[in-house]
Amino acid sequence: MRYAEVSVNSPVAQHRAFSYAIPSGLSVEVGQAVWVPFGERLLQGVVLELTPYPSVEETREISGVIEPSLQLSPHQVLLARWISEHYLSFLFDAVALMLPPGFERKAVTYISSPSSPPQHDISLLSPEQRALLEFVQGRGKVSLRSLEREFGKKKTQAIVSQLAGRNLVVRSYELEPVKVKPKRETYLRLVVPAGQAEQEAVRLRQGGAAKQAVLLEFLAQQSQPVSWVEARKSVGVGKAVADALVGKGLVAWEQVEVTREPISYQGITPSSPLPLTPAQESALRSIKARLSRAAEGGVPPDIFLLHGVTGSGKTEIYLQALAETVRRGKRGIVLVPEIALTSQTIERFAARFPHRVAVLHSKLSLGERFDEWQRIRDREFDVVIGPRSAIFAPQPDLGLIVLDEEHEWTYKQQDKSPRYHARDVAIKLAELTGAVVVLGSATPDVETFYRAQRGDYHLLQLPERVTPDVGSPLPRVEIVDLRDELKSGNRSLFSRPLAEAMAKALAGGEQVILFINRRGAASFVQCRDCGFVFRCRRCEIPLTYHFDSERLVCHQCNYRTSVPQVCPRCRSRRIKFLGLGTQKLERETSHTFPQARLLRWDSDATRGRYSHGEILDRFRAHEADILIGTQMVAKGLDLPLITLVGVVNADTSLNLPDFRAGERTFQLLSQVAGRAGRGTLGGQVIIQTYSPEHYTLQAAAGHDYALFYDQEIAYRRLLNNPPFAQLASLVYSHTNGFICQREAERMKSVLGAERDARGIADLSLIGPAPAFIHRLRGRFRWQLILRGSELSAFLSSIPIPQGWAVDIDPLGLV
Ligand code: ADP
Ligand code: ZN
Ligand code: ZN
């Protein structure tokens, strides 16, 4: 194999790999990180394939391997290729997902003398050449930069080229070292022999210094210096005692460099597997049976959907399945939503696998992440736990991948390419490695559940909580019809039942959460008398009100109409834009409940003074009575004093112009309804709405996933939405609205022509239309939607200019 196909770190490379010759003497393998010449520059690349022949006639040579040597596994190389093909991302962007952090550092060039220098008459060299050569030989290896300091920049480059041409010096390239601050800890070291220390201890005790004696004896028994934190814990003495011994010249303080341990094991007691309930037992048995199959990869993987409410014991099953994986000599990756990556979660895993758990999260410094990456690759951990990007951890011997809360939409990378979904990547990785996948959720994604029903995945059900009635029954959920409120003259944001429940809770010193969904709140139009929502006749999604044109627009197909004067269903004239923000809610709340202390938690608030954690801590410390917030508050509902959650208007979430709006609303409300009132005081949830009969709300109120799923899947089938068809969203953005629209229309005709030329029958093009977020940071956005199958393959042959963002299998269309 004399040639390598290399993915190069340059946007110019786009979807391509490039052929390079492998110079003799250089050993290169698949996955190897290398330096390659690219135009005038030297760039990083990763070898994807070794071949006997290049794919082009003229090739250049690989300049060298990147030091310290770094290699992706063959599985990761295949995974990167798949991501690039499926999500239509640039090849190197897909490769980069799997590289250690800080890979895109600069190259440092080194000059050294070759191991076997050629016979060469030194006297033929010019004095300058000879001086530089001797400088290099004297030191063995010098960075180009220090040569330049010595001999001048221009001259150095010329002379190095001349000498390299005669093989008198060689160049090599290394990544700039990552700047990692070593972590130090204070240790106590005995400075006298152990025997002498013990005699001293006896003397100290006789002299009444018992504490000093105990510490000294403890140190005398250790073979090595001990960290002060540990010594203090074992012996139970303060720092003054240690200082006294230091003063007597018996022990000394010492600063020791330690490896960073991202998990502090202080206070974590190792835990043993719990005896399982019959439902858990049967689920675990099924998973174990598949773990024992000697899967080699290349066959469809075993995928389990573990469906069970919060508290049904899913995590215990993950832990025991991981233990089985480890017993079989394999390792695991556990993905959790970033927001769930709390110390509680980490501790549960760390307690079961002490010192064998790696945690990857965004708060680690670059150096820490780099360390973890290398330690994972060096087989130091049985379990890697982290958010969606942890699926790219270099965990060897992969036997099990767990995705907890598999329905969470943070598993999809939306803001930048590759727009991958960690669930789909996990399944692909399992196919490549032979690993087993376990997806867990209380409210599974409709598509996942559909596949489980169809038999593509193994469905495991945990219908009940492990401890069904210990203090935490499911809360009561009441749906309040806002139309009735209006009819009886109540125009406030609070229905009478909600206002009464709030007053009662506050009087009892309990806490209340008010929950609103602000996104898209003012965009749809609704009749306040009968709840009718204006929808697109073609797409069935709510129409969006555009303030500039004063028209209703379908942001999927661009259907436009004027705002009607009367409701087509009940002839009422009370047609309203529903606008409601946290600020307005805050004002009205403080007006209605002047004594209550308010706290606001939304993305605006957290951007400023307090972090999520701080807001939650303040609420936990009962520094406020009412917490007002958007989506995020659903995560903080396990507080004991919260007895009431009010969903101020469920319709704002329900009527987002998106086929997944119902599913999102259900998941959100289920989370609220399943969590509120976990404390001993019990709990109540009140959902206010203009469409109380909606199946999403009924199902969430009744804690009834089946009711929701049956309706939802019927609609998906009717409207040919996923999982019955595949979608792709193409969004073009431009500062000029007219150019933006024209490019979107041009693209549509290109796609249409290609479809017709290839005779593809099941592909529809929807739009173009202004995107739901019509303008973003000064740029107009137009969206084109494709519905069909095998869309990646179809789109891969079409040139897509800059300015387009392609999203295959988009999470939603807003
Ligand atoms: P989930 O992940 O579904 O929310 P967990 O695994 O966290 O459920 O279980 C909920 C609680 O029940 C935890 O406190 C856990 O320690 C406990 N638990 C789980 N399984 C058992 C069991 N078999 N016996 C006793 N307690 C259990
Ligand atoms: Zn009406
Ligand atoms: Zn439409």
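Trainee: Which helix gives the most to the lining of the second largest pocket?

Mentor: Please bear in mind that this is a predicted model. The helix in question is α24, which contributes 4 residues to that lining.

Trainee: Which elements supply at least two residues each to the lining of the second largest pocket?

Mentor: They are β25 (560-562), α22 (661-675), α24 (705-718) and β32 (764-776).

Trainee: And how much space lies in the second largest pocket?

Mentor: About 1200 Å³. The lining consists of 47 residues, and those closest to the centre of the pocket are Arg535, Cys539, Glu540, Ile541 and Pro542.

Trainee: How many residues of that lining are nonpolar, polar and charged?

Mentor: The lining of the second largest pocket has 25 nonpolar residues, 10 polar ones and 12 charged ones.

Trainee: Let us turn to the metal. Which residues are the protein donors of the zinc ion (ligand 2)?

Mentor: Four cysteines, each through its SG atom: Cys527, Cys530, Cys567 and Cys570. These donors lie 2.2 to 2.4 Å from the zinc ion.

Trainee: What is the geometry of the site of the zinc ion (ligand 2)?

Mentor: The site is tetrahedral, with angles of 104 to 114° among the 4 donor atoms.

Trainee: Is Cys567 buried or exposed?

Mentor: Cys567 is buried, because its relative accessible area is 0%. Cys570, by contrast, has a relative accessible area of 33% and is therefore partly exposed.

Trainee: A change of topic: which peptide bonds are cis?

Mentor: Two can be named here. The bond from Ser417 to Pro418 is cis, with omega near -5°, and Pro418 is found in the loop between β17 (398-404) and α14 (422-433). The bond from Pro722 to Pro723 is also cis, with omega near 10°. Pro723 belongs to the loop between α24 and β31 (726-734).

Trainee: Where does Trp601 lie?

Mentor: Trp601 is part of strand β27 (residues 598-601), and it is buried, with a relative accessible area of 2%. Trp601 and Leu654 are 53 residues apart in sequence, and their C-alpha atoms are 21 Å apart in space.

Trainee: Which residues does Ser227 touch, leaving aside those up to four places away in sequence?

Mentor: Ser227 touches Glu185, Thr186 and Tyr187. Ser227 lies in strand β11 (residues 226-227) and counts as buried at 8% relative accessibility.

Trainee: Finally, the whole chain: how many helices and strands does it have?

Mentor: The protein chain has 26 helices and 34 strands. Of its 814 residues, 53% are buried. Among contacts between residues at least 6 apart in sequence, 74% join residues at least 24 apart. The C-alpha atoms fill a box of roughly 105 × 90 × 55 Å along the principal axes.

Methods: Residues numbered from 1 in each chain as written. Chains lettered and ligands numbered in written order. Predicted model: local features only at pLDDT ≥ 70, side-chain atom pairs only at ≥ 80, totals over all residues. Heavy atoms only, no water. 1 Å grid on protein atoms, 1.4 Å probe; cavity = no way out; pocket = protein on both sides within 12 Å on 5 of 7 lines; lining within 4 Å. Points joined across faces, edges and corners; volume = space filled by probe spheres on them. Nonpolar A, V, L, I, M, F, W, Y, C, P; charged D, E, K, R; others polar. Donors = N, O, S within 2.8 Å, 3.2 Å for Na, K, Ca; no water. Tetrahedral: all angles 85-135°; square planar, octahedral: opposite > 155°, others 65-115°. Buried < 20%, exposed > 50% of the residue type's maximum accessible area, 1.4 Å probe, protein only. Contact = heavy atoms within 4.5 Å.
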